[in-house]
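Subject: Structure for your review

Dear colleague,

Please find below the structure that I am handing over to you. My notes on what was found in it follow directly after.

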Amino acid sequence: MARLTINGRSLEVNVNPNTPLLWAIREQVGLTGTKYGCGVAQCGSCTVHVDGVAVRSCVMPVAAVAGKKITTIEGLATGSVLHKVQKAWLDHEVPQCGYCQAGMIMAVAALLKDKPKPTDADIDAQITNICRCGTFQQVREAIHAAAKA
Ligand code: FES
Ligand code: FES
C-alpha cells in the first residue's frame, strides 16, 4: 500500500513499493494519458511531474514518490483552462498519432518552468523524448510559441 498525491487528490494504491509509478498511475488510479513506450527511461512517453520536475515514471518506484506532488497530463490544465503548452500544441497542430504527446507536453511544461525562454540548444538538451511520427519541428515551434504566451 502507498499513499500518493496525484493531480491534487490523495489516493491509496495497492502496489508493491518497487512498482513503477507508471503502472500505479495507469492501472491503479486509471489515468491512462501517461503512456508506456520503452520501459527503460529512453523514450519519455511516460513523463510526469514529481514536485514540478519531469520524471520518467516507468523507472520511478512508487516508494520514491510517496508524499510528493505528482502531476499527470490529466492534471496539467487548470479546470477548463489549458496550460499554455497544451494551447500551443493545438495552435501548431503538433500531434500526429499522439502516442508520445502527453509525455512530450509534460517534459516541455517542466522545461518552461525552469527556463521560460529556452533556446534551441536548451530544447535539444532537455527535450529528449522520442516521437516515432517525427513531430520534432512542430514541437520546437510550439515550444517557442508557448514561451512567448
Ligand atoms: S516508457 Fe518511460 S521512458 Fe519510455
Ligand atoms: S505523435 Fe506519434 S509518436 Fe509522436
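How many helices and how many strands are there in the chain? The chain holds five helices and five strands, where helices (H or I, at least four residues) and strands (E, at least two) are DSSP runs numbered from the N terminus. Along the sequence their pattern is β-β-α-β-β-β-α-α-α-α. The radius of gyration is 15 Å, close to the 15 Å that the globule rule gives for 149 residues, so the chain is as compact as a globular protein of that length. Here the radius is taken over C-alpha atoms, and the globule rule is 2.2 Å times the number of residues to the power 0.38.

As to conventions, this is a predicted model, in which local features need pLDDT of at least 70 and side-chain atom pairs count only at pLDDT 80 or more, while totals for chains, interfaces and linings use all residues. Residues are numbered from 1 along each chain as its sequence is written, chains are lettered from A and ligands numbered from 1 in the order in which they are written, and side-chain values use heavy atoms, with hydrogens and water left out.

Overall dimensions and burial

The C-alpha trace spans about 45 × 30 × 25 Å along its principal axes. Of the 149 residues, 42% count as buried; buried means under 20% relative accessible area, exposed over 50%, and partly exposed in between (1.4 Å probe, protein chains only). Among contacts (heavy atoms within 4.5 Å) between residues at least 6 apart in sequence, 55% join residues at least 24 apart.

Helix α3 has 14 residues and reaches 20 Å from its first C-alpha to its last, close to the 20 Å expected at 1.5 Å a residue. That expected span is 1.5 Å times one less than the number of residues in the helix. Twelve of the 14 residues of α3 are buried, which leaves the helix mostly covered. Among these buried residues are Q101, G103, M104, V108 and L112. The buried residues of α3 pack against β3 (47-50), β4 (53-56), β5 (69-71), α2, α4 and α5.

A nonpolar core is a set of buried Ala, Val, Leu, Ile, Met, Phe, Trp, Tyr and Cys residues joined through side-chain atoms within 4.5 Å. The largest such core has 24 residues, of which V85, W89, M104, V108, L112, I127 and I143 touch the most other members. Helices α2, α3 (101-114) and α5 each supply at least two residues of this core, and its largest share, nine residues, comes from α3. Another core, of 16 residues, lies apart from it and includes I6, V15, V50 and V62.

Two individual residues illustrate the packing. V85 touches I105, V108, A109, L112 and A146, leaving aside residues up to four places away in sequence. T19 lies in the loop between β2 (9-13) and α1 (21-28). T19 counts as buried because its relative accessibility is 17%. With residues up to four places away in sequence again left out, T19 touches M60, P61 and V62.

Salt bridges

Which charged side chains meet in the model? A salt bridge is a side-chain nitrogen of Lys or Arg within 4 Å of a carboxyl oxygen of Asp or Glu, and by this rule there are four. R3 pairs with E12, the closest N and O atoms being 3.5 Å apart. R3 is partly exposed at 43% relative accessible area, and E12 is partly exposed at 45%.

K87 and D91 form a salt bridge at 3.2 Å, N to O. Both lie in helix α2 (residues 84-91), four residues apart, about one turn of the helix. K87 is partly exposed at 47%, whereas D91 is exposed at 53%.

R140 and D120 form a salt bridge at 3.3 Å, N to O. This pair links distant parts of the chain, with R140 in helix α5 (residues 136-148) and D120 in helix α4 (residues 120-126), 20 residues apart. D120 is partly exposed at 39%. D120, D124 and R140 are linked in a network of salt bridges.

Cysteines

The model has zero disulfides, a disulfide being a pair of cysteine sulfur atoms within 2.5 Å. C43 is buried, with a relative accessible area of 11%, and C100 is buried at 10%.

Yours sincerely
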